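Let's take a walk through this structure together. We'll begin at the ligand and then stop at a couple of backbone spots.

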Amino acid sequence: MCGIIGIIGKAPVTPLLVDALKRLEYRGYDSSGVATLVNGHIDRRRAEGKLVNLEARLASEPLPGTIGIGHTRWATHGKPSERNAHPIATDRVAVVHNGIIENFQELKGELVAEGRHFDSDTDTEVVAQLITSYLEKQMSPEQAMGKAMERLRGAFALAILFSGRHDILMGARRGSSLAVGYGDGEMYVGTDALALAPFTRQVSYLEDDDWVVLRADGCTVYQGGFEVKREVRQSGISGAMIGKGNHRHFMLKEIHEQPAVIGDTLQTYLDPATRSVTLPVLPFDWNKVSRITMTACGTAYYACMVAKYWFEGLARLSVEVEVASELRYREPPLPEGGVCIAVSQSGETVDTLAAIRYAKANKQTILSVVNVPESAIARESHLVLPTLAGPEISVASTKATTTQLTVLLCLAIAAGRARGTLSPEAEARLALALIELPAHVNQALNMEEEYRRVAETVLAEARDVLYLGRGSSFPIALEGALKLKEISYIHAEGYAAGEMKHGPIALIDETVPVVVVAPTDAIFDKTASNFEQAKARGGKLVLLSDAAGVGRLGNQAVVSLTLPTVDPVVAPILYTVPVQLLAYYTAVAKGTDVDQPRNLAKSVTVE
Ligand code: G6P
């Protein structure tokens, strides 16, 4: 969702602000803008739509200035338009904001009663008007900011520019992330280390309720009325890591990184010499865990669904999986001695964060699997198991998912070992299957021409597509359907193959492609029956299986894709790759915006 950048520097900042906004595009947005100080006055350029529109505005009306803020906006309050685009400004301040000011109606009422006039439909404008009102009451910018922090409710990250003050820029955070970057005679504030990467790798992360005053040579962080120190760290992200390389889209690049990042992740969680998993000391005893509650959103939720099969099958543990937006408000009873596992690429997703807060308040041990170790979810967990996927830019999650699955399988194996439900031989067999997984994923990637052909000849023309799978392939069917919807805008449904006859079978005719995810496993025969039922209704069957499965059913499919034969336990990780590529090539065939699909955001920081 919204991306923030602020720079107090020596050189003209507009090109740097726009450059940073490009690195924040991945979060999803529908308008953008920048503001600088020109001879002490706030000047802005804003545009609806993509950044090219803002660049065109800047080309015709350049914006000088050595201090400024910039924003990519994903609309929440007020439609995407130039009028509602940030920076939102008064004559005294310009503000960029990520998140929601929950008490904006109440504050707006008070400010309008004071005689203030609002120019936009945004909740953000109350921040600008509130601070302006304090400044007009002769408060200093620092006093005004401190006082505004007391009044604002909700989740937000802010960057604020003050007219007449070339020497200071402010930032604030509650909930949404905000990083401070330290340069040479220049200081930065931005949504994440990615935005700041080419400027500096020296960053500190603000904590909830912090606000910061940046000057060209340093900064002061406050919490309440007190000065606090936040550790400055070397970010692991370099400018080189966030390019597309030779790939046409970030999504394709990230799909192709999977063998490497699964390998990196395995290096942390598995010892190839002993063929056993190696996890950090856990803050609980597997034999005393009463129940596991898993929670996440989007693709990460499907990773949790796969893990449920693993925890139940390998460790005989009882697992509940629930989307975070439901869990947080359903407020289920959580048994004492329970463990809550949260899975999130960004570590910022507001519903997942709220769900772990609920679980924590209910005495659950919180274990999170996240890709951004500095994130709020990571910070609020008792233990973090990081995925080593590296920065994921494309909105549709790919390499984060397969690394999440890799970590979760290692965790389930550790649980099985500790609980005596998994023999050392079985552990060694699974460890070997994992060690071989990057090579198998590579083989699956080498079939790219086949995915492209299926996408172009079968999927791209369809109005509806059905994905079917059983057991741990069921969540992969859901993931395949989600990916197709997200990036190609074709309606798709994932279904448990055995449930098809209770509804979706009514949809099947010769216009509906049915993608069947069917590695040969203990329930292959059951999936084969469902396959035949779909075939009998004239469905265009696309079979994803291994040599044995294709040998058995291939002659009934319009097309079969033969994937490497793997241990059925690791199959969901491998089969995630072909469903990603089918969606990718379908989107390319349809000409959609693959990396930034319409209406979607990468990090969902609002409810
Ligand atoms: C958004 C993204 C999805 C992602 C989901 C959860 O909807 O578009 O790709 O799966 O959020 O995000 P998280 O960062 O918590 O994994």
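**Around the ligand**

The shell around the ligand is made up of 5 nonpolar, 7 polar and 2 charged residues (Ala, Val, Leu, Ile, Met, Phe, Trp, Tyr, Cys and Pro count as nonpolar, Asp, Glu, Lys and Arg as charged, and the others, Gly among them, as polar). Keep in mind that this is a predicted model, where local features need pLDDT of at least 70 and side-chain atom pairs count only at 80 or more, while totals for chains, interfaces and linings use all residues. Residues are numbered from 1 along each chain as its sequence is written, and side-chain values use heavy atoms, with hydrogens and water left out.

So where does the ligand lie? Domain 2 (244-446) and domain 3 (447-607) both contribute residues to its shell, so the ligand lies between them; the domain bounds come from an automatic or database domain assignment. Helix 9 (residues 298-315) gives the largest share of that shell, 3 residues (helices are DSSP runs of H or I, at least four residues, and strands are runs of E, at least two, numbered from the N terminus).

Now zoom in on the ligand's oxygen atoms. One is 2.6 Å from a side-chain N or O atom of serine 346, and an oxygen is 2.9 Å from a polar backbone atom of alanine 601 (a polar contact here is a pair of N or O atoms within 3.5 Å).

**Two backbone spots**

Most residues other than glycine have a negative phi, and most peptide bonds are trans. Histidine 86 and proline 87, though, are joined by a cis peptide bond, with omega about 0°. Proline 87 belongs to the loop between strand 4 (67-73) and strand 5 (88-89). Glutamine 138 has a positive phi, near 70°, and is found in the loop between helix 4 (125-136) and helix 5 (141-151).

Definitions and conventions: A polar contact is a pair of N or O atoms within 3.5 Å; within protein, one must be able to donate a hydrogen and the other to accept it, and residues adjacent in sequence count only if both atoms are side-chain atoms.
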